[in-house]
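Please keep the viewer open and follow along point by point.

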Amino acid sequence: MRVLILSCNTGGGHNSAAKAIQEVLNTRNDQAQMKDTLAFTSKAFSNIICDTYVGLVKHTPKLFGLLYNSNKKITYDKKVHSVSYQGNVVGSKKIAEYIKDEKIDAVICTHFMAAQALNHLVKHKKVSVPFFFVATDYSITPMLEEAPLVSKIFCPHFDSVYTYLNKGIPEDKLICTGIPVSKVFLEPKDREGARKKFGIGTDEKAILVMTGSMGFGDSQIIVQQLLKRSDEKTRVVLICGNNKKLYEKVQKTLGNDKRLILVGFTNEVSAYMDACDIILTKPGGLSSTEALVKGIPIVHTSPIPGCETENADFFMGHHFSLCAHTTMEVVEESLRLLRDDFLRKQIIEAQKHFRLDYSAQKIVYCVHEYLVDNGYITKE
């Protein structure tokens, strides 16, 4: 099976989901190629779109929320497409050429813009391969209904299905698999080994603070307040991601506190989750799902209006997390959760009961079965 996975660099979640699917395909000896959708137009175009997105969510989150919510309210006309759809048509010709040259059997999209591009190609008979959409948030992605020719949509949860049906997407296109995460998050917890590795004592409580792939949030103030209001048996782990300025600032102001473990970009997030008692993270679909699969109590921090707000509402509604909207609320809720053993156990049990595991494996299986059942490939 030769599969093209189309992602987008607007945040780390879409790429993380794509890589998780690619991992599974590679273990099966399938041919899996992952590409940036926007780069088919040009690398410069991709950078402009991604920088604009990051600028919006980082500097004007309320405006981003307004745009997001306005798009969710629009009912798209079959003849008049959105600006996003029309923009993705530009690079679709090169995508079609790539699909033909590489003899691709199926395309898996982890971003709605990829689905829009493939919908255009299939609609105008530029390609004949089936394409699939993988959700990376807990509510329907705006403008996804502009890709009605998608073969299947892999939903994050059974309780998210109504958001798709409400937009007129047929139920037979929906498969509830969960959001795919890397296989490392599926490995059994090794709390003792992880704590020893990172120098956290067995009698200590540990708080993991995540800032996301782009380092958003008031992490410095949160960490400062957590340390100020905690005893000597409380450790705080701050993962700064790609935010070097945050790392340097925290190192300069709080680096002398031995209770702080300061980390830059790391591939050991799963191990840090093993080592810690609770996690503070923005409610991105991927980061939240990684914590959910790992089974660690979550405090969601100041969601960006739009998909993150919906993710936070979903998690709180299922008792997977607590949510705080201000810096001091984050500190208060974190310390409350850290000190309340019963509440932490309740959240962990809810996570075990409702979460969907092995999502990437399910997605790959469903894609393979679809191709076999519809005669695109022969059964191996």
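1. A word on pairing before we begin: two strands pair if DSSP finds at least two bridges between them, and strands (E, at least two residues) and helices (H or I, at least four) are DSSP runs numbered from the N terminus. With that in hand, look at strand β11, where V299 is the bridge partner of L280. Strand β10 (residues 278-281) and strand β11 (residues 298-301) pair in the parallel sense over three bridges.

2. Please bear in mind that this is a predicted model, in which local features need pLDDT of at least 70, side-chain atom pairs count only at pLDDT 80 or more, and totals for chains, interfaces and linings use all residues. Residues are numbered from 1 along each chain as its sequence is written, and side-chain values use heavy atoms, with hydrogens and water left out.

3. Now widen the view to the sheet. Six strands make up an open sheet with parallel pairing, in the order β9-β8-β7-β10-β11-β12. At its edges are β9 (260-263) and β12 (321-324), each of which pairs on one side only.

4. Next, the aromatic rings. Ten aromatic pairs turn up in a search of the whole structure; rings of Phe, Tyr and Trp (its six-membered ring) pair if their centres lie within 6.5 Å, and planes under 30 degrees apart count as stacked, over 60 as edge-to-face and the rest as tilted. F132 and F154 are stacked, because their ring centres are 6.1 Å apart and their planes are at 20°. This pair links F132 in strand β4 (residues 131-134) with F154 in strand β5 (residues 152-155), 22 residues apart. Both residues are buried (under 20% relative accessible area with a 1.4 Å probe, protein chains only).

5. Y138 is worth a stop. The rings of Y138 and F315 have centres 5.2 Å apart and planes at 85°, so this pair is edge-to-face. Y138 sits in the loop between β4 and β5 and F315 in helix α12 (residues 307-317), so the pair ties together parts 177 residues apart in sequence. Y138 and F315 are both buried, and together with F314, F320 and F354 they form one aromatic cluster.

6. Which residues line the largest cavity? Among them are Y138, H157, F354 and R355. A cavity here is a set of points, on a 1 Å grid over the protein atoms alone, where a 1.4 Å probe fits but cannot get out, and lining residues have an atom within 4 Å of a point. Helix α11 (residues 285-294) gives the most to this lining, with three residues.

Key:
Buried means under 20% relative accessible area, exposed over 50%, partly exposed in between (1.4 Å probe, protein chains only). On a 1 Å grid over the protein atoms alone, a cavity is a set of points where a 1.4 Å probe fits but cannot get out, and a pocket is an open set with protein on both sides within 12 Å along at least five of seven lines; lining residues have an atom within 4 Å of a point.
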